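Let's take a walk through this structure together, going from its aromatic rings to its ligand. Please have the sequence and the 3D view open as you read.

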Amino acid sequence: MEVIIVKDNQEAGTVAANIIAERIKQNPKIVLGLATGSTPITTYQTLVKKCQEDNLDFSRITTFNLDEYKGLLPTHEQSYRYFMNQNLFDHININKAQTFIPSGIDLQDPEQYDNSIESAGGIDLQLLGLGVNGHVGFNEPGTSFDSKTAVVDLAQSTISSNSRFFSTKEEVPTQAVSMGLASIMNAKEILLIATGSNKAEAVYHLVKGKVTEQWPCSILQKHSNTTIIIDKKAASLLEK
Ligand code: GLP
């Protein structure tokens, strides 16, 4: 695991976007795995700039997002489809028909999503954020390392932390559809970003902790091509 320590989230976004842009130039038909949350917003802003100012070409890429809230329509302002359109897809020359996000509504056969990823040739580069409790995607502590895409229950702490985005408590989703840990580990390369002191404990378990299902992120220690970009605050427990 390569660890890159940066000053802040802005710099993390620049470093991550540079790596992603490099990979797109090397392989214009790359399959990217994408993440939501506040952490990758600066990465997406930088990618938008690279498209608009430097003609970085997204026209032939394919994307698969990690997760979606159960029950939210793509038009809901808190859906991850809405987030991706707003933060990235609406501002770059991507073919939206080639952007995939698990459906939060049609929950018949979630594992079909893994088949779609496989049919596209697998994910070349997976971007990840990190939950305060070590979740990746929406794979909460206790999720099997063998998990594939599934409907999952959100941890109470995740529900509380997400409640800031909804006007009433009742609206906050308690379940989601998420790529599993095995789905994520299948990616050829992984790029995880974590910034802020509230991520320091999870970052410790990601880099130095025991590999345990209690800290889902720890499975990434077993991936042979993972880079993590963290700021000084998120790295604060690593030196001790
Ligand atoms: C959500 C998402 C994760 C994300 C995490 C951290 O739970 N499903 O993919 O990594 O939030 O969010 P943030 O980046 O806002 O801290």
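**Aromatic rings and a ligand**

With 3% relative accessibility, F138 counts as buried, because buried means under 20% relative accessible area, while exposed means over 50% and partly exposed lies in between (1.4 Å probe, protein chains only). Before we go on, note that this is a predicted model, where local features need pLDDT of at least 70 and side-chain atom pairs count only at pLDDT 80 or more, while totals for chains, interfaces and linings use all residues. Residues are numbered from 1 along each chain as its sequence is written, and side-chain values use heavy atoms, with hydrogens and water left out.

Searching the whole structure turns up six aromatic pairs; rings of Phe, Tyr and Trp (its six-membered ring) pair if their centres lie within 6.5 Å, and planes under 30 degrees apart count as stacked, over 60 as edge-to-face and the rest as tilted. For Y69 and Y80, the ring centres are 4.9 Å apart and the planes stand at 40°, so this pair is tilted. Y69 belongs to strand β4 (residues 67–69) and Y80 to helix α3 (residues 80–87), so the pair ties together parts 11 residues apart in sequence. Helices (H or I, at least four residues) and strands (E, at least two) are DSSP runs, numbered from the N terminus.

Y80 counts as buried at 11% relative accessibility. The rings of Y80 and F138 have centres 6.1 Å apart and planes at 15°, so they are stacked. Since F138 lies in the loop between β6 (125–128) and β7 (150–153) and Y80 in helix α3, this pair ties together parts that are 58 residues apart in sequence.

Now for the ligand. Among the residues that surround the ligand are Y80, F138, S38, L130 and K199, where near means that a heavy atom of the residue lies within 4 Å.
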